[in-house]
Amino acid sequence: MDTGKEQSLLQLRNVRKVFARGTIDEVTALNDINLDVYPEDFVTIIGSNGAGKSTLLNIVAGVFPPEMGGKVIINGDDVTSLSEYKHAAYVGRVWQEPTVGTAGKLSLEENLSLALLRGKPRGLRSSLNKQRGELFRSALAPLGLGLEDRLNTPVGTLSGGQRQALALVMATISKPALLLLDEHIATLDPRTAQVVLNLSDMIVRRERMTTMMVTHNMELALRYGNRLIMMHQGRIIVDIGQQDKQALTIDDLVSAFEQAAGERLTDESILLSHR
Ligand SMILES: Nc1ncnc2c1ncn2[C@@H]1O[C@H](COP(=O)(O)OP(=O)(O)OP(=O)(O)O)[C@@H](O)[C@H]1O
Ligand SMILES: [Mg+2]
């Protein structure tokens, strides 16, 4: 496949983000990011604390716009200055905390209904009502957690893992162009984390989702996805495609970091974390 000619699904051009400008806390969280993500790419993103990973996803999700001159294009549409609400038509997201992105007091069905309507024009809403129950059941059943029989249960009573699995279904049910996962397994115990990760991989493959997944775990970053990006101080310093990624080891990643960043990776660096 000649990826050079393929139309990219996400284009970031000259994206910069500065927080607390003009104060002593000023920080350039993103420093001239240029990135193309292609249809069905599954990009894993690693980098130490404060590297700009979440800020990058926030820009793509429209939480805030980039600095003047930056551009965000999804599916050919310039979404740079669209609201977060409008971005929701393009982007599904799962956060680190299971409580973010799902409403604990609402039932599974209510949460899924909200997710389904996210970013949709009003006219479409009532027509969606009828087939909803069936759609929700068929979206939950493949998780193998029995959630399809608990549509009326308040989401707050689910375990962290069940809630993240639901969040995944919610993020993908309206078939957004892009799925963003920001350390979405980091707060789960290792076994549950593996289950949710497998579910993520299953949904990504089945729905052929274009995905960006932030993780602190280099092993997972190598095992999942077809492309690996490493960030450091607001820049993308390593971008490795499928061919090279297959043969890559954690030691290679550490050397790639040290070479690109021009500094040694210390033992305490979170980049080496296994969670
Ligand atoms: N809303 C904000 N206000 C001020 N500074 C922010 C804000 N969000 C992020 N920053 C700063 O921007 C930089 C990048 O933060 P970001 O959250 O993107 O890093 P990260 O790579 O996701 O780190 P982590 O691995 O710890 O999640 C950090 O220095 C952070 O303190
Ligand atoms: Mg982060």
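Okay, a definition to start: two strands pair if DSSP finds at least two bridges between them. Helices (H or I, at least four residues) and strands (E, at least two) are DSSP runs, numbered from the N terminus.

Now, what you have up there is a predicted model, where local features need pLDDT of at least 70, side-chain atom pairs count only at pLDDT 80 or more, and totals for chains, interfaces and linings use all residues. Residues are numbered from 1 along each chain as its sequence is written, with chains lettered from A and ligands numbered from 1 in the order in which they are written.

So, the overall picture. The protein chain has ten helices and ten strands. With 275 residues, a compact globule would have a radius of gyration near 19 Å (over C-alpha atoms; the rule is 2.2 Å times the number of residues to the power 0.38), and the protein chain agrees, at 19 Å.

Let's go to strand β3, residues 42-47. How many of its residues are buried? Six of six, where buried means 20 or more other C-beta atoms, placed from the backbone, within 10 Å of the residue's own. F42, T44 and I46 point one way, while V43, I45 and G47 point the other.

Leaving out residues up to four places away in sequence, L180 touches L57, V60, A61, V91, R93 and M212; touching means C-beta atoms, placed from the backbone, within 7 Å. L180 is also among the residues with the most neighbours in the largest nonpolar core, along with V60, L166 and L178. That core has 70 residues, a core being buried Ala, Val, Leu, Ile, Met, Phe, Trp, Tyr and Cys joined through C-beta atoms within 7 Å.

Last stop, an open four-stranded sheet, antiparallel, in the order β2-β1-β4-β5. Its edges are β2 (27-37) and β5 (77-78), each pairing on one side only. Helix α1 (residues 53-61) packs on this sheet, touching β1 (10-19), β2 and β4, and its direction makes about 60° with that of β2. For that angle, axes are lines fitted to C-alpha atoms, for helices over the stretch in contact, and angles run from 0 to 180 degrees between N-to-C directions.

Definitions and conventions:
A residue is buried if 20 or more other C-beta atoms lie within 10 Å of its own, exposed if 12 or fewer, and partly exposed in between; C-beta atoms are placed from the backbone. Two residues are in contact if their C-beta atoms, placed from the backbone, lie within 7 Å.
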